[in-house]
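User: Please take a close look at the surroundings of the ligand, and give the cut-off behind each term as you go.

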Amino acid sequence: MTLPASIESLIRRLPKVELHLHIEGSLEPEMVFAKAAKHGVTLPHASIDDLRAAYQFADLQAFLDIYYAGCDVLRDEDDFYDLCWAYLERAHADGVVHVEIFFDPQTHTGRGVPYPTVHRGLRRALADGQARLGISSELILCFLRHLSEDDAFATLEHARPFVGELAGVGLDSGERGNPPSKFERVFAAARGLGLKAVAHAGEEGPAAYIREALDLLHVVRVDHGVRCDEDPALVAELARRRIPLTVCPLSNLKLRVYRDLADHNLARLLAAGVCVTVNSDDPAYFGGYLADNYRAVAAALALGAPELVQLARNAVEASWLPAARQAELSAAIDRVAVDR
Ligand code: ADE
Ligand code: ZN
């Protein structure tokens, strides 16, 4: 993939905001092996290269099976700190200035790791990210949709003492057969605690799931959402209400949501006025961090500077940053755009 030098330079210099990043999906094979050695865990793969070679996925579920298995090496607070700190350093190198990070507590509590261990490790890294790298951040607790409503309620209860350190709740894991409606009550309870709501919808599931996420879960952003184009009235509504979509191009390619990035609807949705943003989802598994995702769509869809600047501005608009910081970042993006 060769991009015009001016586009490469623009992507590098744009202040970037990431809104769809599963911290467990930033667990690189090198760290899997290091943590396995630390805890005396025997891995099914002989080497780092063997593990990386296994990252070929027929669909979302094939990925999730490997992703959940990898999490088994995360056991103590320092492991969660190290995981999050490694992501923040990598994001900083990419010019990321603000992140809103997902974590999946049930993946860990289900293995006997207490909720506070996970939460404290992540929060400590995020505090260091602000202090040492200047990256501001928010934390979003995701419920696993393949598990029960009761399990989600129990997770919300675990998180309750820490709720002031969470910005929102999300919904992830296997989408097909697990509609947003299954979690209507737990999302209502979470919103009652002052948490914002987001949900994965319209990744593998139908456009109807996006509608449910909006109408039943009252989400303020939709994660992925690319299948909205099956329902033109929904696309029009997303555009009119400026409901952001956190789109993850390399993820969509690796999980075969699109056969080819050239077929991706990101540019069409952007042109239709939808608040589309670019994100990395699970960068350790999908072959690229945030700037790589910008590069990949720029190349596949022949995006020019105006579209790339709009994507960066959309991410600021879609973030939960205070208005004054949003205005500062938008101005910084415009300065980069003019300086090209
Ligand atoms: N968990 C981690 N990545 C995910 C994705 N892309 N979709 C659903 N659940 C996920
Ligand atoms: Zn995701």
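Analyst: Helices (H or I, at least four residues) and strands (E, at least two) are DSSP runs, numbered from the N terminus, and the protein chain has 17 helices and 8 strands. This is a predicted model, in which local features need pLDDT of at least 70 and side-chain atom pairs count only at pLDDT 80 or more, while totals for chains, interfaces and linings use all residues. Residues are numbered from 1 along each chain as written, chains are lettered from A and ligands numbered from 1 in written order, and side-chain values use heavy atoms, without hydrogens or water.

As for the setting, the C-alpha trace of the protein chain spans about 50 × 40 × 40 Å along its principal axes.

Around ligand 1 (a heavy atom within 4 Å) stand His-22, Leu-60, Phe-63, Leu-64, Tyr-67, Asp-172, Ser-173, His-200, Glu-203, His-224, Asp-281 and Asp-282. Helix H4, which covers residues 60–70, gives the most to this shell, with 4 residues. Sorted by class, the shell holds 4 nonpolar, 4 polar and 4 charged residues, where Tyr counts as nonpolar, Asp and Glu as charged.

Taken alone, ligand 1 exposes 260 Å², of which the protein buries 100% (Shrake-Rupley method, 1.4 Å probe).
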